[in-house]
Number of protein chains: 6
Amino acid sequence: MRQPPDRTERRRLTHVSRGGRPRMVDVSEKPMTARRAVAEAFVTLEQETLTAIIDGQTTKGDVLTVAEMAGVMGAKKTSELIPLCHPIALTDIVVEITPERAGPGVRIRATAATVGQTGVEMEALTAASVAALTVYDMVKGVDRSAAIRDVRLLEKSGGKSGEWRRPADGAAPPSRAPQKQSSFRKRPDR
Amino acid sequence: MRQPPDRTERRRLTHVSRGGRPRMVDVSEKPMTARRAVAEAFVTLEQETLTAIIDGQTTKGDVLTVAEMAGVMGAKKTSELIPLCHPIALTDIVVEITPERAGPGVRIRATAATVGQTGVEMEALTAASVAALTVYDMVKGVDRSAAIRDVRLLEKSGGKSGEWRRPADGAAPPSRAPQKQSSFRKRPDR
Amino acid sequence: MRQPPDRTERRRLTHVSRGGRPRMVDVSEKPMTARRAVAEAFVTLEQETLTAIIDGQTTKGDVLTVAEMAGVMGAKKTSELIPLCHPIALTDIVVEITPERAGPGVRIRATAATVGQTGVEMEALTAASVAALTVYDMVKGVDRSAAIRDVRLLEKSGGKSGEWRRPADGAAPPSRAPQKQSSFRKRPDR
Amino acid sequence: MRQPPDRTERRRLTHVSRGGRPRMVDVSEKPMTARRAVAEAFVTLEQETLTAIIDGQTTKGDVLTVAEMAGVMGAKKTSELIPLCHPIALTDIVVEITPERAGPGVRIRATAATVGQTGVEMEALTAASVAALTVYDMVKGVDRSAAIRDVRLLEKSGGKSGEWRRPADGAAPPSRAPQKQSSFRKRPDR
Amino acid sequence: MRQPPDRTERRRLTHVSRGGRPRMVDVSEKPMTARRAVAEAFVTLEQETLTAIIDGQTTKGDVLTVAEMAGVMGAKKTSELIPLCHPIALTDIVVEITPERAGPGVRIRATAATVGQTGVEMEALTAASVAALTVYDMVKGVDRSAAIRDVRLLEKSGGKSGEWRRPADGAAPPSRAPQKQSSFRKRPDR
Amino acid sequence: MRQPPDRTERRRLTHVSRGGRPRMVDVSEKPMTARRAVAEAFVTLEQETLTAIIDGQTTKGDVLTVAEMAGVMGAKKTSELIPLCHPIALTDIVVEITPERAGPGVRIRATAATVGQTGVEMEALTAASVAALTVYDMVKGVDRSAAIRDVRLLEKSGGKSGEWRRPADGAAPPSRAPQKQSSFRKRPDR
């Protein structure tokens, strides 16, 4: 764990004003640029559940289409869900869900694009999350082990910070949440 | 991994009709019972980001309150987000976020309750997801390694299936999504 | 056409107060009963468009699933769309879309159910309308002749008025809108 | 019925990817142009119902205003209702409802405009549909024969395809939905 | 000004947990009872603006109907707007707007009812506020002095606390907001 | 009361067509300009309630943060709430709530900004109203005298009309709503 920097160097959250109040970032003066972001999520499933989904997929209906559509519609609700997100006129949203035998589970990949003053990371992540929740909803009656893992940004372009791509996983942070432990901030009765 | 059962024993998803079409579960004849569900999510952060949040929390504003509120409001939108979820008159929603040095990150715990014909798992999971996305949104400008992990149900009561509690983690499915690999279902151009 | 009754017998709209103001119907004292309604819509298409949909349906994706899901989600938004509709906790919604060579086009059938103080006609009709608009949206780039026809209630049960079923079409009102003619109520500039 | 063209000439739906998955059309690179669309709907009513509406209209309240406003507000919800529609910053929406003795019924005309990267057909059609549903809601207690007919686009301008105007009705497709017949695609239990 | 009570007697907000966190009130165990609430708002206008509204009202359209409908629809959105409000299945909402020469302005009166586990005060107040904002929106182009005053509860019945009626105005708190003064809680940069 | 002007001079509401129908203002041809608006609201409270809020604020949680966030999220819903408002891509929203001993109560100040074809007054006013309703909701269990007063615009810039600032209060309209009196427009039964 790195040593926290001196107070003067400390990170300041972009959504917190100097007075310490949460706030939206003012983008009024930012230029309009083409922006794109890609996020993913993974839903772990039991093998039999995955088989049931794939069966449904190929022989009859299209179970995953429901989740893909939910992801697209969820992306359009991002600024309603995330308090400090700006409303954005998305120009494209694609959500693709692919079954993977290793896991086993389904991998969700969401891409969002706009031409605007602010990025579309949250839209891509929201799309992935809502699609994952929708998969969970459809399997929960038969598979209680289902869980959503690794909702995260894969890449991002446009705006001042330019291109970014998630480094290969070797460099990534620890792969899952630690077991519950007592928190170090006391909150008596919650 | 268990052996998949014969075709006749195979799992049938509750949200798929016998004809293979995705559909809502008809709960018209179910009795009204008290139902409660608890879900959690974990957002991994860099240590410095966590420090910035805790600082913000205790000395000035209340960064985590924003995410907790977003979770509560998100729970109320569950049936708008998840296509096959029933609208539910929630009687209680609580979202609590606790920083954890191990991780490091923040742990989100969401509880939902109703008296109704259907469960509130999706409401608890949606609350946890939206709160996690909101934390991510507020730190993304300073911490690109942030990711949401382990959105999952912890417990559930009420309804026909009675009490359920997630078994201790030893028995849990593999802890994170496998690395990307080629999918075994071909979709030429997506 | 029947003779209009005397003024004193005239119909009074349920959503208009005695003073002539539009208003919601107060259902506070109505008992909770099981209610169900079925509505339909028809989208006329060119033959080639229908073929493209059926192709998409059977060999690859599931175009109609998107419209069915949109109908289900639209039903849940009924009270947001129709000003004087009560919010209702729907217990079931099903939307089924079937291609028909005669027409040619797709027929949409939507069923809504609840246990409540007010009926679900508007939910069934809204589901059918939104599904129809979604079909239209997906074909509009290739088929400008597409149109939505005959959004109407087929049957209804529950509540004080009991069972109702649309009579066979011989008895039905004239089958389509008359050609535009000058209106008999003048509104100078609209 | 025309012969379906060879595979290579076949229509490809704009909202279906080459791999057969439903998807939004990417408009990121389209120029911003002024766009306008006009749609209509017709609600057939019994003569007495129409009289009740006109009475309400002229002597006391303004029944049709409610439906016009619902149409305007519905247009603003288009991208929430139609899964693959882009969110659009509408610059104008007008909904006008006119009683017509021939029919008898009310004719709804909705106009939508924007300056943007994509058209506003769906917004005009959604406005007309929601206004029609609202009229239906207000008369349904006294008139079960009410039905919505002929929701369709009348004209459209802006964008690559330029001006379009619906041809006179002689050339139009058959005027109403055919009677129910057995579908040619089997879906056993839906 | 009354003397503040000792710490132990101090008021505890119902929406704050013992640990000091904002939270929803758990109503899971409350009985279902019939509940009703009435709220009002007043929009002050210049005399000429009021005349324009009355003219519009009686000779041609129905300007106030738009605001009344907006109030009804706003009431249905209460739990989306107010973070700690429960979703409620309203059984009745009425919004009535009356021009008043004294003021001059328009008085808005909103009534909400339900049969449920929690009260409908917020629904009545939200209806009144949204109707007031809508009146403001329609006059703002011609009347910059317009302002919304005195959004407040008039009466309330049902639930544990029974009937309540706002006392005659003599006993009411000071009639308007004091002029801006320096706050006694420092927030450096907001 | 001033004499109403001749008909030709009379005010015409911008949201009423020449034919007297309520309508949205067409902004299709307006240029994009930077726009900003500031609005305020005041919630009167009993002294003890104010003390409870301040206590909560400084020692434990952050009661006012909830209301500030609700205001920000409410601003993003303006065009859903106000029928004739255009949807706007807000670039900034800030809501600040400050306790004031004089009153006593809390003062809410909301700022909205965009770069667009229409102003953001309604967004600022909606943010202030929703924040005020949220404060009310959190104190209503302990303070029935609470009321919202003086929701009004403070300043506005951008667009054709340029800068505007509310004149000092001496010149302001009478400070609160007159007592209820019989209206001069009869509406028998509302």
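**Salt bridges and burial in a predicted model**

Modeller: Over all chains, a search of the whole structure finds 72 salt bridges. This is a predicted model, in which local features need pLDDT of at least 70 and side-chain atom pairs count only at pLDDT 80 or more, while totals for chains, interfaces and linings use all residues. Residues are numbered from 1 along each chain as its sequence is written, chains are lettered from A and ligands numbered from 1 in the order in which they are written, and side-chain values use heavy atoms, with hydrogens and water left out.

Biologist: Why is the pair Glu80(B) and Lys77(B) called a salt bridge?

Modeller: The term asks for a side-chain nitrogen of Lys or Arg within 4 Å of a carboxyl oxygen of Asp or Glu. The closest N and O atoms of Glu80(B) and Lys77(B) are 3.6 Å apart, so the pair meets that limit.

Biologist: How do you know whether Glu80(B) is buried or exposed?

Modeller: Buried means under 20% relative accessible area, exposed over 50%, and partly exposed in between, with a 1.4 Å probe and protein chains only. Glu80(B) has a relative accessible area of 17%, so Glu80(B) is buried, and Lys77(B), with 6%, is buried as well.

Biologist: What makes Arg36(D) and Asp26(F) a pair that joins two chains?

Modeller: Arg36(D) forms a salt bridge with Asp26(F), the closest N and O atoms being 3.2 Å apart. Arg36(D) lies in strand E1 (residues 33-44) of chain D, whereas Asp26(F) lies in the segment before strand E1 (33-44) of chain F, so the pair joins two chains. Strands here are DSSP runs of E with at least two residues, and helices are runs of H or I with at least four, numbered from the N terminus.

Biologist: What is the secondary structure of chain A, and how many of its residues are buried?

Modeller: Chain A has 4 helices and 5 strands, following the pattern β-α-α-α-β-β-α-β-β along the sequence. Buried residues make up 66% of its 190 residues.
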